[in-house]
Amino acid sequence: MVRVFVSQNCIDRWHATGGIAIDGDLLRFHAVPSTNLFINPSVYFERVDGGESDPYDIVGAVKTAQELAQMGAEHYERSVVLGDFAYTVNPGFVASPVGADGAAQMIDPSTWGQLVGAMEALGVP
């Protein structure tokens with residue numbers, strides 16, 4: 001299944017330009033109206049604060065809110081505290097395609113190409 005991390009900044013920018021619609025936990029690009037993406041709150045781990053090593057080996061990883069809770073991590077805005085370590089994170093969402101019934105679905109390469117094209121047209125940092 002295709003999953004992609006989309007930062008909150010991207011969502012905000014795309015929404016401001018009118019390129020997407022958000023309905024609850026579903027994201028839809030106007031350029032690809034037949035495809036719904038389920039969005040799950042997540043963070044991308046950018047670095048360990050204080051220049052320390054990464055004892056959890058999660059820098060560069062994406063973790064959902066559920067995974068953070070299971071790890072015992074505390075998340076606030078652009079920070080996550082895990083044990084004795086603080087991380088700078090980029091908040092956003094993991095997006096994955098779902099069908100009309102809300103079940104995860106595979107998308108064909110053509111539709112994936114359309115989604116990528118829609119993202120690029122709206123601007124991806």
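Among contacts in the chain between residues at least 6 apart in sequence, what percentage join residues at least 24 apart? The share is 59%, where a contact means heavy atoms within 4.5 Å.

## Basis of the model

This is a predicted model, in which local features need pLDDT of at least 70 and side-chain atom pairs count only at pLDDT 80 or more, whereas totals for chains, interfaces and linings use all residues. Residues are numbered from 1 along each chain as its sequence is written, and side-chain values use heavy atoms, with hydrogens and water left out.

## The chain as a whole

Three helices and eight strands make up the secondary structure of the chain, and along the sequence they follow the pattern β-α-β-β-β-β-α-β-β-β-α. Here helices (H or I, at least four residues) and strands (E, at least two) are DSSP runs, numbered from the N terminus. Taken along the principal axes, the C-alpha atoms fill a box of roughly 45 × 30 × 25 Å.

Of the 125 residues in the chain, 34% are buried, with buried meaning under 20% relative accessible area, exposed over 50%, and partly exposed in between (1.4 Å probe, protein chains only). The accessible surface comes to about 7,000 Å², and carbon and sulfur atoms account for 51% of that area; such areas come from the Shrake-Rupley method with a 1.4 Å probe, and for residues only the protein chains shown count as cover.

## Strand S4 and its partners

Strand S4 (residues 36–48) pairs with S8 in the antiparallel sense over 12 bridges, two strands being counted as paired if DSSP finds at least two bridges between them. S4 is also joined to S5 by three bridges, again in an antiparallel arrangement, and to strand S3 (residues 26–29) by two bridges, with S3 and S4 running antiparallel. S3 and S4 form a hairpin that has six residues between them, and within this pairing Leu-26 has Phe-38 of S4 as its bridge partner.

## Aromatic pairs

The structure holds four aromatic pairs, defined by rings of Phe, Tyr and Trp (its six-membered ring) whose centres lie within 6.5 Å, with planes under 30 degrees apart counted as stacked, over 60 as edge-to-face and the rest as tilted. One of them joins Phe-45 and Tyr-87, whose ring centres are 5.3 Å apart and whose planes stand at 85 degrees, so this pair is edge-to-face. Because Phe-45 lies in strand S4 and Tyr-87 in strand S8 (residues 85–98), the pair ties together parts that are 42 residues apart in sequence. Phe-45 and Tyr-87 are both buried.

Tyr-56 and Phe-85 form another edge-to-face aromatic pair, at 6.3 Å centre to centre and with 80 degrees between the planes. Tyr-56 lies in the loop between S4 and strand S5 (62–64) and Phe-85 lies in strand S8, so the pair ties together parts that are 29 residues apart in sequence. Tyr-56 is partly exposed, with a relative accessible area of 38%.

## Surroundings of Asn-90

Asn-90 lies in strand S8 and is buried, its relative accessible area being 16%. Not counting residues up to four places away in sequence, Asn-90 touches Phe-5, Ser-7, Ser-42, Val-43, Tyr-44, Glu-46 and Arg-78.
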